[in-house]
Number of protein chains: 2
Amino acid sequence: MTAGMLTVVGLGPGDAAHRTRAAEEAVRDAQIVLGYEAYLTACADLTGPHQCVLPSRIGAEQQRAEYAVDAAAGGARVALVSSGDAGIYGMASSALAVAAALPPGRRPAVRVVPGITAAVAAGALLGAPLARDFACLTLSDVLAPWEAVEARLRAVAAADLVLALYNPRSRGRSWQLGKARDVLAEYRPGDTPVGLVTDAARDGELVELTTLATMDPASAGMHTVVVVGAAGTSRLGDWLVTARSLGTQR
Amino acid sequence: MTAGMLTVVGLGPGDAAHRTRAAEEAVRDAQIVLGYEAYLTACADLTGPHQCVLPSRIGAEQQRAEYAVDAAAGGARVALVSSGDAGIYGMASSALAVAAALPPGRRPAVRVVPGITAAVAAGALLGAPLARDFACLTLSDVLAPWEAVEARLRAVAAADLVLALYNPRSRGRSWQLGKARDVLAEYRPGDTPVGLVTDAARDGELVELTTLATMDPASAGMHTVVVVGAAGTSRLGDWLVTARSLGTQR
């Protein structure tokens with residue numbers, strides 16, 4: 001049997017303009033394309049009737065990873081697609097863990113094709129808030145106790161890093177962003193610039209500029225990234241810009 | 001005079017396969033293409049004799065930003081190109097600051113086209129080390145006192161975030177990575193997985209897996225990103241993988 005291959009593909013923020021050629025080739029070349037339905041729609045222009053395109057429920061990550069690895073172990077060329085970058089809060093971690101647990105003789109080749117992650121897409125729409133040192137944190141407490149999430153938030157806030165907050169709010173998680181804002185306000189002034197980017201490079205794209213004191217958590221949703229400035233971040237007209245130099249011009 | 005436009009473009013890690021279509025279109029559509037010579041070479045397949053392609057010295061960032069903004073203010077379509085993402089340790093910050101300082105009537109339109117930044121490219125080659133919460137820090141003390149760099153390093157190390165270290169070493173900066181390793185070793189065990197990725201997606205691409213205790217700073221160079229794992233990061237075969245869950249399975 002021909003050796004199969006699993007490619008874990010990041011499709012970028014949504015619009016085809018922000019996909020890489022490598023991501024497009026990996027999807028076109030696959031015999032089986034797997035992913036949550038919205039991600040398959042985002043690459044529907046790359047797939048055709050000669051391929052097996054299999055939507056899966058969101059949340060069913062472990063099963064999706066197992067199916068993808070099994071299919072590749074059986075000899076198929078499989079593309080497992082995510083939005084953004086598949087390695088950052090994406091499917092690559094589960095898929096690699098499943099593959100690594102197989103005996104060497106059954107383990108398929110796996111590669112990860114990088115994509116434009118949400119923080120980078122949001123940063124470009126806001127200007128250059130990530131220009132020097134930043135952290136990506138998720139506010140989701142689905143896979144972690146809130147105390148652990150909050151401890152990281154406090155450490156990064158105290159270190160004066162720019163923050164990109166993923167998963168700030170969902171239908172089931174309504175209070176986390178308000179709490180995060182209150183925690184950050186213990187460390188940073190109320191006029192700290194904040195940008196909320198929702199549906200970057202998708203229909204309904206929305207960029208909102210606000211401050212830590214005036215941010216309304218209700219304006220964030222499932223597809224929002226919240227960028228919180230540091231001491232070096234200024235609002236310049238409609239842009240958020242962080243200075244490249246540090247500790248000299250505060 | 002027609003309104004000009006400055007597009008600050010991230011070309012990704014090097015290979016054309018990791019460029020986005022938006023980045024390619026911005027370069028093709030420009031009348032003037034500006035950038036450090038190596039970046040112009042990386043997009044030479046997109047430019048032609050009808051365009052004005054202007055190399056500039058590395059380090060001459062402020063002048064490059066001023067020239068790009070002035071040319072766009074004068075009515076030209078200008079592409080200012082960087083490797084990786086232009087917003088992350090790139091040219092977007094300086095260009096936006098220069099543009100924002102102009103009087104509104106002379107200020108050109110500016111947009112930033114995102115790219116695959118080095119941490120994301122390195123993460124994909126290593127597996128999925130950035131799967132949950134990470135910080136990007138530069139070890140360069142050219143634009144900051146080392147004390148400020150070290151303070152951030154300590155805060156992130158204590159917070160158990162995965163780290164992507166940019167600019168770990170250059171001809172003029174030889175001791176910073178060794179010092180950073182010693183600082184991190186105060187907070188993390190010696191067997192913490194570390195990945196060094198040099199020239200990602202370029203000729204001479206090199207991926208080295210090591211640990212905090214055994215890492216040799218001399219194996220890093222100007223084009224290396226160093227990824228340092230956290231408590232949730234494991235070495236699985238030839239992959240570095242960080243668990244998506246936190247605080248439950250340590």
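Colleague: What makes the strands of chain B an open sheet, and what is their order?
Modeller: In this predicted model, 5 strands of chain B line up as β3-β2-β4-β1-β5, with parallel pairing, in an open sheet. β3 (52–56) and β5 (109–113) of chain B stand at the edges with a single partner strand each, so one side of each has no neighbour in the sheet.

Colleague: How much are neighbouring strands of this sheet turned against each other?
Modeller: On average by 20°, direction ignored.

Colleague: How do you know that β1 and β5 of chain B pair?
Modeller: Pairing needs at least two bridges. Strand β1 (residues 5–10) of chain B and β5(B) have 5 bridges, in the parallel sense. Therefore they count as paired. One of the residues involved is M5(B), whose bridge partner in β5(B) is A109(B).

Colleague: Which strands does helix α4 of chain B lie across?
Modeller: Helix α4 (residues 92–100) lies across β1, β4 (77–82) and β5 of chain B. The helix runs at about 170° to β5(B). Angles over 145 degrees count as roughly antiparallel, so that label applies to α4(B) and β5(B).

Colleague: Which residues make the contact?
Modeller: α3(A) brings E61(A), Q62(A), A65(A), E66(A) and V69(A). α4(A) brings S94(A), A95(A), V98(A) and A99(A). They divide into 5 nonpolar, 2 polar and 2 charged.

Methods
Residues are numbered from 1 along each chain as its sequence is written. Chains are lettered from A and ligands numbered from 1 in the order in which they are written. This is a predicted model: local features need pLDDT of at least 70, side-chain atom pairs count only at pLDDT 80 or more; totals for chains, interfaces and linings use all residues. Side-chain values use heavy atoms; hydrogens and water are left out. Contact means heavy atoms within 4.5 Å. Helices (H or I, at least four residues) and strands (E, at least two) are DSSP runs, numbered from the N terminus. Ala, Val, Leu, Ile, Met, Phe, Trp, Tyr, Cys and Pro count as nonpolar, Asp, Glu, Lys and Arg as charged, and the others, Gly among them, as polar. Axes are lines fitted to C-alpha atoms, for helices over the stretch in contact, and angles run from 0 to 180 degrees between N-to-C directions.
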